Amino acid sequence: KSCRKTYTPDTETRRSGRGPARQVNKRTDKLTNKRQCVMLSAGKLRPALCLARRQWCVSAGGFHSSSRRLHDPNEVDLFDFRYTTPFVKNLFVGNFIREQVFPFPQMKQQDYDQLQQMVDPVERFFRDDVDSRQIDIDAKIPKETLQGLKDLGLFGQQVPLEYGGLGLSNTEYARLGEITAIDGGIAVTLAAHQSIGLKGILIAGNDEQKAKYLPKLSTGEHVAAFCLTEPTSGSDAASIQTRGTLSEDGKHFLLNGGKIWISNGGIADVFTVFAKTEVVDSKSGEVKDKVTAFIVERNFGGITNGKPEDKLGIRGSNTCTVHFEDTPVPVENVLGDVGGGFKVAMNILNSGRFSMGSAGAGILKLLIAQTAEHATTRTQFGRKLMDFPLIQEKFAEMAMRAYAMESMAYLTAGIMDRWPGGDPDCSVEAAMVKVFSSEAVWTSVSEALQVLGGLGYMKEYPYERYLRDARILMIFEGTNEILRLFIALSGMKFSGDILREKLKQLKRGNIGTILQAVRQRWGNGFGMGPSLGFISEDRFIGDGFKAHPSLTPAAKLLEQNVNALGLATESVLSRHGKGIMEEQLVLQRMADIAINVYAMTAVVSRASKAVTQGLPNYDHEVLLATTFCMKAYNNNMQLFDELGNENTDAAVERIGTEILKAGGYIAAHPLDRTHDFDNIDVVPPRR
């Protein structure tokens, strides 16, 4: 633990034999050279993990490591438009920015080796020292387990080294998330602390706030919580009622209100709290209520919390209500601008959702191994379960979902890590990963339980616990219904802005815009859409921004779907105009199509990398990716058909409305009768 004190800002400029001068931390540099002397045993891993970090991390801007690039910066201008425009939003226009997703993001060997030095002890800790079954029964994580997590540095994974954290990139954070997700209660405790609890300080805090709070938060000495949800506001974050009133002397805000379902609410020392405050509109001069974010310490006083909630799953995590009564918060603890809290909240939530993909894949890969052991040893009807096609199908589906979700997660993490300026526009990608992964985990855990049959239903096996833990994934960090609307509307707004500009150009008679519109609609194949440039027709990869030739069938399906999505977006906007905001069933289809397209992109890119580098079982990856793309393509074509032709939307809305107005199921019971038909002759119909 004494090593932790050495990580204070203390830099010097050092010039190597080649290249420009670089900033290095002298103390870190000295300790790194002595790494072999401090590889400590389990229980004292925190210093060793610190020493395994790269020397230059201390000078990296914030928690976005500038070294995480898809391509050599000497070969590619990362400030080119292709690298700074949002990938998924462009799909809604029919644009495929291939340079962002091909080749698949990859770590340098040195970075990978150093990451593995962190992975091994964390895996060993969760294997040997975490009793998930007992945590679930007790509904509490033991103190010694929490201390072990702190010693491993897991409370400060993305906190920069200068503040005592591990300074992990998004890719590295996702990798450790695969392991911590094995226990749902621990995963939620860590995520509530750093993915949302302290994340606001990282992305919106000033230097003084970071220096004051991050060192103790990074070590776990202080625990953080995120306080947004209230009894009257769930997904509608703007409708919160908690108020922050400026004191007469102008030095404090007095917080009053209550928050519900706050993870870490009973154990947190520092809270990121959102409350309504009065703000004078700069244009009209009117006083309006706007949301403001605050950093609130429990020591400020006036903070109480309820008893821990008795939950269905993730039982080891602490979840409770938190109440504020005249809690004085210094004005210097405003996070961001007064009245700018809603943006802070959305940025916090948007930045962390991508990790659910790697976490979900970690759970599924473990379950696949456990379930395969049963399927290969269990005999029924004189045959092993593994020999039945229906069982084989379940394993294939689980593997494809796991492959897709981790491909989406690491592709998104790679894009975020190499985004110039460290402020990536990846909120839609992250939301897609969350929606796809949460539903894939829920379905796959249920299927794994089904393979075991009655055994899976017993508490002595982990399946029922995983099933209970998985259910929350579709609810928290934004319900999947809300995120689907967010995905579709974000993409369609981006498309609408571009289409509006093109319309202006068309009205002016701009021949270039006219030809571009014609080509985008009909392309070179008269109806098949234009070539998007990422399909390899032979064994030569060319510029490297393409799918491997072995993935050509899958890549062609992807290309067709991208072109069709662009045309469908234009058609839907033309048909509904501003009314699209109310067409939620249409938006749901658009979101599902886009999610499938992004998943197809991720698996094709990843499988191409596997083949190109000759990774073990690369032919299996090609099979996984190709099969997944075929299934996703067929699903999308059905959705496209429902967008363009007759569907059941009106009937579905009517049925739902009638049931809700009546307050329940209104069809008559099948045994109900209104007349005595016993004595009435019924003439059978003629054949």
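Isoleucine 659 is partly exposed, because its relative accessibility is 31% and the class covers values between buried (under 20% relative accessible area) and exposed (over 50%), with a 1.4 Å probe and protein chains only. The structure is a predicted model, in which local features need pLDDT of at least 70 and side-chain atom pairs count only at pLDDT 80 or more, while totals for chains, interfaces and linings use all residues. Residues are numbered from 1 along each chain as its sequence is written, and side-chain values use heavy atoms, with hydrogens and water left out.

Isoleucine 659 is located in helix H23 (residues 649-662); helices (H or I, at least four residues) and strands (E, at least two) are DSSP runs numbered from the N terminus. Together with Ile655 and Ile666, Ile659 forms a nonpolar patch on the surface, with about 260 Å² of accessible area in total. Patches consist of residues with over 30% relative accessible area and no salt bridge, like charges being joined within 9 Å and nonpolar side chains (Val, Leu, Ile, Met, Phe, Trp, Tyr) within 5 Å. Accessible areas come from the Shrake-Rupley method with a 1.4 Å probe, and for residues only the protein chains shown count as cover.

Side chains of opposite charge can pair when their charged atoms come close. The whole structure contains 25 salt bridges, each defined as a side-chain nitrogen of Lys or Arg within 4 Å of a carboxyl oxygen of Asp or Glu. One of them joins the side chains of arginine 175 and glutamate 178, at 3.7 Å from N to O. Both residues belong to helix H9 (residues 170-180), where they are 3 residues apart, about one turn of the helix. Glutamate 178 counts as buried because its relative accessibility is 9%.

A salt bridge of 3.6 Å (N to O) is also found between the side chains of lysine 212 and glutamate 297. Lysine 212 is in helix H12 (residues 207-219) and glutamate 297 in strand E7 (residues 287-297), so this pair ties together parts that are 85 residues apart in sequence. Lysine 212 is exposed, at 52% relative accessible area, whereas glutamate 297 is buried, at 17%.

In a further salt bridge, between glutamate 447 and lysine 394, the closest N and O atoms are 3.2 Å apart. This pair links distant parts of the chain, 53 residues apart, with glutamate 447 in helix H16 (residues 427-452) and lysine 394 in helix H15 (residues 389-417). Glutamate 447 is partly exposed, with a relative accessible area of 23%, and lysine 394 is buried, with 18%. Salt bridges with shared partners connect Glu123, Arg175, Glu178, Lys365, Glu406, Arg606 and Glu621 in one network.

The count of cavities of 30 Å³ or more is 3. A cavity is a set of points, on a 1 Å grid over the protein atoms alone, where a 1.4 Å probe fits but cannot get out, and lining residues have an atom within 4 Å of a point. Grid points are joined across faces, edges and corners, and a volume is the space filled by probe spheres set on the points. The second largest cavity has a volume of about 50 Å³. Its lining includes Ser132, Ile135, Asp136, Arg315 and Arg465. Helix H7 (132-138) gives the most to this lining, with 3 residues, and helices H10 (184-197) and H17 (463-470) each supply at least two.

Terms used:
On a 1 Å grid over the protein atoms alone, a cavity is a set of points where a 1.4 Å probe fits but cannot get out, and a pocket is an open set with protein on both sides within 12 Å along at least five of seven lines; lining residues have an atom within 4 Å of a point.
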